[in-house]
Amino acid sequence: MIYLNNVSKTYPNGTVGIKPTSLSIEKGEFVFITGNSGSGKSTLLKLMLKEVEPTHGKISINGREITKLKRRQVPYLRRDVAVVFQDFRLLPNKTVYENVAFAMQVVQASSKEIRRAVPVVLGLVGLAKKARCYPHELSGGEQQRTAIARAIVNNSPILIADEPTGNLDPSTSWEIMNLLLDINMRGVTVIVATHEREMVNLLKKREIEVSNGIIVKDTYEGGYHDEVEYREVSL
């Protein structure tokens, strides 16, 4: 699903974001990316999203080599890779329904498709009764659920969540993580960048740890079993 072949990134000011790295993430995996600030974790995500270009190496996403994509083709990559951010990034003047529908409008979905898909995905994330609310009327957890609904409404096969629980209390953080696990169970490849060490340790999913631009830990070879118990929170 995601392949990095001898990829490195050095910024114009000489800062090394990622040293030569090869990595593969397969379809349907749930992967944590961990590392301290400045470790190269953010650079790794930006490379996958084509927000920055590698200095060397090749990157393939869902069978497409993105290092060869022209700028006008990048929006098509966004259909394959959905993103959830720590700060939600909702449109404040649009309702929950309209925020999610907007993601479909961007890819030129029909009104009929939008009317059919948006209620379904709002039900999936537990926001069916909040469709007419505006972001300022929602809790932090509800805002993040809205952001997740917006990310998955176009059925992207890959979801990248960049510190999705960073602004949430511990209980709400587990609610959001369980929601991401549920999305993964539906066949979506989920990549979560996080500082939440307790979650990483308890869930025992694959962990890729980055330090000083190098992958220093990858539990892919560690034999972690996918069917593990995790803390249950009602959605």
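Strand E1, residues 2-10, runs antiparallel to E2, and six bridges join the two. This is a predicted model, so please take what follows as a description of a prediction. Valine 7 has threonine 21 in E2 as its bridge partner, and isoleucine 2 has isoleucine 25 in E2 as its partner. The hairpin of E1 and E2 has five residues between the strands, and in that hairpin glycine 14 takes a positive phi near 95°.

Now to E4. E1 is joined to E4 by five bridges, again in the antiparallel sense.

What is the order of the strands in the open sheet? There are four of them, with antiparallel pairing, and the order is E2-E1-E4-E5. Strand E2 (16-25) and strand E5 (64-65) are at the edges, and each has a single partner strand, so one side of each lacks a neighbour in the sheet. Helix H1, residues 41-48, packs on the sheet. H1 touches E1, E2 and strand E4 (56-61), and its direction makes about 60° with that of E2.

Next, the cores. The largest nonpolar core has 43 residues, and Ile148, Leu159, Leu180 and Ile183 are the ones with the most contacts inside it. Which helix gives the most to this core? That is helix H6, residues 170-185, with seven residues. Take isoleucine 148: leaving out residues up to four places away in sequence, it touches Val84, Val125, Ile176, Leu179, Leu180 and Ile183. There is also a second, separate core of 29 residues, and Ile18, Ile59, Leu77 and Val81 are among them.

Asparagine 99 sits in helix H3, residues 96-106. Is asparagine 99 buried or exposed? Its relative accessibility is 1%, and buried means under 20%, so asparagine 99 counts as buried. A polar atom of its side chain lies 3.0 Å from the backbone oxygen of lysine 94. Setting aside neighbours within four places in sequence, asparagine 99 is in contact with Leu90, Leu91, Lys94, Pro135, Thr146 and Arg150.

Technical notes:
Residues are numbered from 1 along each chain as its sequence is written. This is a predicted model: local features need pLDDT of at least 70, side-chain atom pairs count only at pLDDT 80 or more; totals for chains, interfaces and linings use all residues. Side-chain values use heavy atoms; hydrogens and water are left out. A nonpolar core is a set of buried Ala, Val, Leu, Ile, Met, Phe, Trp, Tyr and Cys residues joined through side-chain atoms within 4.5 Å. Buried means under 20% relative accessible area, exposed over 50%, partly exposed in between (1.4 Å probe, protein chains only). Helices (H or I, at least four residues) and strands (E, at least two) are DSSP runs, numbered from the N terminus. Contact means heavy atoms within 4.5 Å. A polar contact is a pair of N or O atoms within 3.5 Å; within protein, one must be able to donate a hydrogen and the other to accept it, and residues adjacent in sequence count only if both atoms are side-chain atoms. Two strands pair if DSSP finds at least two bridges between them. Axes are lines fitted to C-alpha atoms, for helices over the stretch in contact, and angles run from 0 to 180 degrees between N-to-C directions.
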